[in-house]
Amino acid sequence: MEYSLVCHSLYAFWSSPVKKKLILLSIMFLIWVYMLYSCVGYCSTMPSLVVDGYRGKETGSAVGKRTEGSRMDLVSRLLAKPQPWEDIESDYEEPSIRTAASRDLLNNELDTDRADEWDEVRGEQQRALEPSALSSFSNGSGSKKLPQAIIIGVKKGGTRALLEFLRVHPDIRAVGAEPHFFDRNYENGLEWYRDLMPKTLEGQITMEKTPSYFVTREAPARISAMSRDTKLIVVVRDPVTRAISDYTQTLSKKPDIPSFESLTFKNRTTGLIDTSWSAIQIGIYAKHLDNWLQYFPMDQILFVSGERLISDPAGELGRVQDFLGLKRIITDKHFYFNQTKGFPCLKKAEGSSKPHCLGKTKGRTHPNIDPEVVQRLRDFYRPFNMKFYQMTGHNFGWD
Ligand SMILES: Nc1ncnc2c1ncn2[C@@H]1O[C@H](COP(=O)(O)OS(=O)(=O)O)[C@@H](OP(=O)(O)O)[C@H]1O
């Protein structure tokens with residue numbers, strides 16, 4: 001009797017259309033809550049949103065004391081601006097190469113060239129929110145590790161292209177933005193740095209790129225103190241084209257700066273090159289490399305040709321995968337040449353099924369430079385290039 005009463009009430013409940021709708025709505029609400037929860041979990045692993053990285057403890061070799069002030073300074077720097085990762089562009093030069101006050105305005109590009117990185121990182125985030133990316137990362141498994149390999153330079157060499165291409169490899173996880181830990185943020189300590197990294201599973205390599213490390217005097221000692229086994233990658237490019245690319249970037253943000261020609265010389269009549277200008281200074285690769293060789297053996301540093309990264313991306317990527325001890329998974333099947341951009345692009349970017357080219361801040365049209373000045377710069381760099389070829393055992397063909 002009781003049993004039939006229960007059955008009857010259940011039947012009455014189900015047969016009511018209003019109640020049916022109510023149940024359906026509740027189920028839909030629960031699914032929505034679950035999806036929101038998953039998304040929040042995923043978003044917390046995205047590099048550009050990590051601004052609470054300071055976790056108190058300093059480990060191992062990290063030097064310098066983090067003060068509450070420095071922490072607040074960093075947090076406010078990241079939070080205060082509408083585009084937080086603009087601060088993390090690769091356009092910072094070490095203070096030691098800034099001399100004259102007039103050069104300061106050009107060399108200290110923190111205020112001028114921040115937007116480029118943002119352009120790329122924003123693209124990454126949009127891709128990362130595609131459903132295919134959500135399904136693979138939402139579980140947030142693995143743990144954050146200090147990078148085992150770092151792209152340390154050079155600015156305007158093609159570092160963003162290399163990192164984006166490497167991220168296609170399933171055994172590489174990389175932080176999208178430039179952490180600038182070993183130059184600007186060292187006082188924050190290694191735990192702060194580790195916290196910026198994406199989670200990795202056993203066997204996966206953690207990577208980052210900050211091109212200004214290559215010209216930062218303290219960077220080799222600091223990276224070696226973190227781990228002497230860190231693998232270093234330098235993307236190098238013809239120093240004259242690199243200087244013009246660097247100038248083009250600054251010009252795009254500060255259209256009123258003097259001409260490239262006038263900045264190149266200390267004295268145009270005598271033809272004395274102004275090596276205090278960072279655009280010139282960065283290209284003296286042999287000098288900077290000398291500093292790294294005090295702390296790292298040559299076989300721990302891989303030099304990637306910026307020119308070949310454009311003409312034969314799969315070939316250069318093959319060398320990089322070998323250097324990192326990874327299976328050659330990224331091959332020419334992953335690239336297509338985009339005629340409009342004039343660059344190789346990815347058929348499918350990391351976490352996406354769509355083709356991906358770098359943003360508009362890569363491949364800007366360079367201004368025409370007086371051929372005499374270009375020749376003067378070629379003459380200036382030649383001996384340094386020769387030395388660099390000797391040191392690396394590789395002729396990059398810039399002369
Ligand atoms: N595939 C692909 N797509 C777009 N751009 C490419 C690519 N490969 C290399 N490059 C060259 O990369 C140059 C920018 O170098 P970086 O990424 O190291 O610049 S930055 O230091 O991070 O600002 C950029 O320099 P400019 O052409 O002078 O803008 C490009 O020439």
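Begin by selecting helix α13 (residues 285-293), which lies across β2, β6 (231-236) and β9 and runs at about 160° to β9. Contact here means heavy atoms within 4.5 Å. Axes are lines fitted to C-alpha atoms, for helices over the stretch in contact, and angles run from 0 to 180 degrees between N-to-C directions. Helices (H or I, at least four residues) and strands (E, at least two) are DSSP runs, numbered from the N terminus.

The model is predicted: local features need pLDDT of at least 70 and side-chain atom pairs count only at pLDDT 80 or more, while totals for chains, interfaces and linings use all residues. Residues are numbered from 1 along each chain as its sequence is written, and side-chain values use heavy atoms, with hydrogens and water left out.

Next, select helix α15 (residues 313-323), which lies across β6 and β9 and runs at about 170° to β9.

Now display the strands. Five of them form an open sheet in the order β3-β5-β2-β6-β9, with parallel pairing. β3 (172-174) and β9 (301-305) are at the edges with a single partner strand each, so one side of each has no neighbour in the sheet. On average, neighbouring strands of this sheet are turned by 25° against each other, direction ignored. Two strands pair if DSSP finds at least two bridges between them. Select β2 (residues 149-153) and β5 (residues 205-209): they pair in the parallel sense over three bridges. The bridge partner of A149 in β5 is M207.

Move to helix α10 (residues 239-253). Its 15 residues reach 22 Å from first C-alpha to last, close to the expected 21 Å (1.5 Å times one less than the number of residues). Buried means under 20% relative accessible area (1.4 Å probe, protein chains only), exposed over 50%, and partly exposed in between. The buried residues include P239, Y247 and T250. At the N-terminal end, select D238, which caps α10: a side-chain oxygen lies 2.9 Å from the backbone nitrogen of V240.

Finally, colour the aromatic rings. The whole structure holds 23 aromatic pairs (ring centres within 6.5 Å; planes under 30 degrees apart are stacked, over 60 edge-to-face, the rest tilted; rings of Phe, Tyr and Trp, its six-membered ring). F181 and F182 form an edge-to-face pair, 4.9 Å centre to centre with 70° between the planes. F181 is buried at 0% relative accessibility, and F182 is buried with a relative accessible area of 0%. End at the aromatic cluster of F214, Y285, F303, F388, Y389, F396 and W398.

Notes: A polar contact is a pair of N or O atoms within 3.5 Å; within protein, one must be able to donate a hydrogen and the other to accept it, and residues adjacent in sequence count only if both atoms are side-chain atoms.
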